[in-house]
Amino acid sequence: MFNLNKEAKLAYTMLIPTISIVFLIILFPIFGNFWLSFKEVKLGDLRAPQPIIKEKLKTKDIEPGDDILIEYRFKNSSQKKPIFNIEITDKISEFISPVEIAEGCSVNNNLLSCYFEEWKPKYNEKIIFKFKANDNFEIDNFNPKESKPRGVADADNILTNLKFSLKNFQKILQKNETIENIKVTFLYSFFATIGALFLGISAALLLEKNFLGKGFFRGLFLFPFVSPVIAVAFTWVYILDPFKGFLNNYLLNNEFISEPIFFLGLKKVDFLGFDFPFTLFIVILFESWRYFPLAFLFILARLQAIPKDLYEASDIDGATRIQQFFYITLPQLLGVISLLFILRFIWNFNKFEDIFLLTGGNAGTRTLTVQVYDEAFALSNMGTASSVAVLIFILLAIFVFIHQKIAPKDIEE
Amino acid sequence: MTNNIYQFFFIYLYSIITLFLLAVIGDFVSISIFLSKNIFIYKNIFLYCFLYAICFFAIRIIITNQVSNIFIFIISLALSYFFLINKEINAYQLLIILSVFIAFNLLLQKYFTAKNFSNFLFEVSFLKFLKTNSLIFFSFIIIFPFYLMFVSSLKSQMVLLQNPTDLSIPFFYSISDFFSSYIAVITQYNFLNFALNSTIVSFVTVFVSLFFSIPGAYAVARLRFAGRSKISSSILIIYMVPAIVLVIPLYVIFSQLGFRNSLFSLMIVYPATTIPVALYMLQGYFKGIPYELEESALIDGCSRIGVILRITLPLSVPAILSVSLYVFMIAWNEFLFAFMFLDNQEYFTIPRGLYTQLDDQEVPRQYLMAGSVMITVPVLLLFFIFERYLVGGLTAGSVKG
C-alpha cells in the first residue's frame, strides 16, 4: 500500500545531508591524508607563495611641476618556489602623472597596473618609478600610501599538484623510533584494554545484586569516563609529581621510599632482571582507570540479562559460587567481552590526548598517534605525519576487519 | 589440625588486606579531617594481624567454637595500648583499628565457629570479604583524584608547598581566600571567555548533530531503500576512524580555506564526528518504537514527516535527551581538535585554555586544579541529573569512548 519508490526517495533525502557532511569531514580527510602522505609537504608550505609589494615616497618638499620618485619594492614571499603571472594593481594619486615607469607597467585612469611573467625564489628588487606633480598639486592632499598595492600571482601549489613520492614512507620506516613506537602502541592498547575489562568485570560483579545505594555507586563508577580528559589527566600528573605531588610525599613521609619516584619519567626499571617499562605501566593504569566504566556498563547490562534459573539449577546441583562464575557467568559474558575487547583495543589504539597530556610521549610512551603530532608540529613535516597516520589507518583497517568477522551480530543490536 | 592452620592463614591474610585498605583510607581521612601528621605505621599491620589471628584461635581452642567479642576487644585494646605508649599510632587510629577488628570478628564468627569449615563456607566468606573490600577500593580510587583536585584548588600556594599531603578542606579561610584560585583563574586567565566559547560550541554541536542525525536515524530505522543495511553497518565503522587521521588533512584544508583559527571550524568538525554516534544510538531507539503506531497514523492519512514530528519524536524524548547529553559531553571535553585548530586566545575553549594558560610550571598548581574543577563540575552536574537517561542510551547502542 505504501509506494516503495516514494519511500526510498524520502529516505535518500533524509540521509543525504548526513551522508554528505560525513563524507566532507570524515571520508574526504581520510583521502586527503593518503594524498598528503605521498607528498613532501612542510608546515610552512601551507601558506602559498605570493608577491609582496611595498611602496615608499623618496622625494620631499614637492612643488607643482616637480619630479616625484616613488620606490616600489617587489618581493617573492617564498624562499624556494617561483611565482608566475604576477599582476599588480595600485591606485595612484590623481595629482601626479607618470614619467618613467618600469617595463610591463602602465597607468590608466590613475590605476597603475603591472604584469610580470615570473619571479624567482627569493626575488627581491627595488624599482624607482618617476612621476611628475601636476599643476593642481597640493601637498596636503597627496598621500601615496592611501591605497595599498595589491598583487596576485599563480604559484605551483604543492598541495594540489600531481607530484607524488614515496619518500615520506621511506623516512618513517628508516627511523628506529617508528618500530619502537608500533611496539609501544600495541603494548599500550593491549594491556590498557585488558586492565579496563578486568576492572569493568569486577565492578559489574560488585553491583550485580540490588542493594541500598546501588544507583549511587553506578553513578560514581562512571565519573572517570564522563569527566573531561584534560582535568583528570592533569590531576593524575599532579598526584604523581615527583616533588609537589601527593603520592611521593605520602610515601616519603611513611618511609616506604627514600627518594622521590619519577612516575611519569622513568622509561625502564630493572625488575627481576628484565626492563620493565614503568611509565608505560602508569599510563596503562590511567587508561584502565579512565575507561573501565564503559566496560562496566555493558557487562552490567549483560549480567542482568542472564536468566536466573541457570543459577538456581546449579545451586540444586551443588555448585559453589566460584564454579557458578566460571561455568555460567563467564560463558554468558563471553560475547560482550570479546566485542568490548576489540572496540576498546581500537579506541585505545586511536587515543592521543591521554598520553599526550600525561607524558607528552616521553619516557617510552610515544605511541603512533603521538608520533603523528610530533612529526607534524615539532618537526613541521606534514608529509611524514600523514604517512604515520596512514600506517595507523592500515593497522586499524585490519582490526576493523577482524572486528567485523568476530562481532556477534546479536550484541550489536 | 590442618583445617585450623588453613583457617589461621585465611584470617591472617584477609585481616591484613582489610586492615591495610582501611588503614590507608583511615589515614587519608585522618589527614583530611584531623590535620594529623602522625601517620599510621604500616609495617605494624602484619604484626598486628598475626597477633589477632593467634588470639582468635587461642580463644577458640580454649572455649570450643565460641569466640567472644569481649575477649577480642580486650586483646585488641591491649595490643593497641602497646602501640600507643610507643607513640606509633594516635588515639584516632586506635579507634579505627578496634572498630575494624570488632566488625571483622562478627563476620568471622558467623562462618568460623561452624564445626566444619567447609569449602562452601570458605567461599562464601571469601567472596563477602572480597566484595566489601572491592567496593571500598573502587570508590576510593575513583573519589580520591577528584577529591584531591577539589581540595588543592582551595589551598594557598604556601600550604600546598609546605604540606602536599594535607587533604583537609580549609574551612578556616575567609570566603575570598577560600575561592581565591577561582577568582584568579577567572580574572587573570580570561576563563569566562573560554567557558562562553565552550558553551557556544557545545550547544551548536548538539543542535547540528541532532538536526542531521534524527532524520538519518529515522530513515535507517524505518524506511525501506536500497543500501540500507550497508549504511547501517558502515556507521559503526565510521566511528572507529581515529581523530588523528582526520586532524592533519583538516588542518591543511582549513588553513587553506582560512577558517582554521575560529570557533566555526570546531562547529563543523564536532558535529561531523558525533553524528555517526548519535545516529547509531537514535536508530536503535527508533527501531524499538512499535511500528503499529506509525502505521495507523499513515493509514489515517498522516504524511511521513507528520508521523515523525507527531509520533516518533515525542515518543523518543528520553533517547534524544541522552544523545544530546552525550554529544554535549563529547564537545565539552574535546581537546585534540581545539588544540590543533585554535591559535588565538579569544577563541579558546576551556580544554584548550587550560592547556595553554595553566599547564605551566610558572603557574601555581592550585590554579590548574581550579580550572580543572570548573571544567569538570558542569559535566558531572549534568550527568547526575540525567544519569538514568544516559546509562540507558549508552548501553542501547554501543558507544564511542
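What is the mean pLDDT of chain B, and what share of its residues reach 70 or more? The mean is 77, and 71% of the residues of chain B reach 70 or more. Here pLDDT is the predictor's confidence in each residue, from 0 to 100. This is a predicted model: local features need pLDDT of at least 70, side-chain atom pairs count only at pLDDT 80 or more, and totals for chains, interfaces and linings use all residues. Residues are numbered from 1 along each chain as its sequence is written, while chains are lettered from A and ligands numbered from 1 in the order in which they are written.

Helix 2 (residues 43–62) of chain B is lowest, at a mean of 64, and helix 9 (residues 191–222) of chain B is highest, at 89. Helices are DSSP runs (H or I, at least four residues), numbered from the N terminus. Where pLDDT is low, the predicted coordinates should not be read in detail. For the complex, the predictor gives an ipTM of 0.82 and a pTM of 0.81.

Now the contact between the chains. Chain A brings 76 residues and chain B 82 residues. Two residues are in contact if their C-beta atoms, placed from the backbone, lie within 7 Å. On the side of chain A that touches chain B, helix 1 (residues 4–37) of chain A gives the most, with 19 residues.

Turn to helix 8 (residues 278–303) of chain A. A kink of about 40 degrees lies at A:Tyr291, shortly before the proline A:Pro293. The bend at a residue is the angle between axes fitted to the seven residues ending there and the seven starting there.

Terms used: Helices (H or I, at least four residues) and strands (E, at least two) are DSSP runs, numbered from the N terminus.
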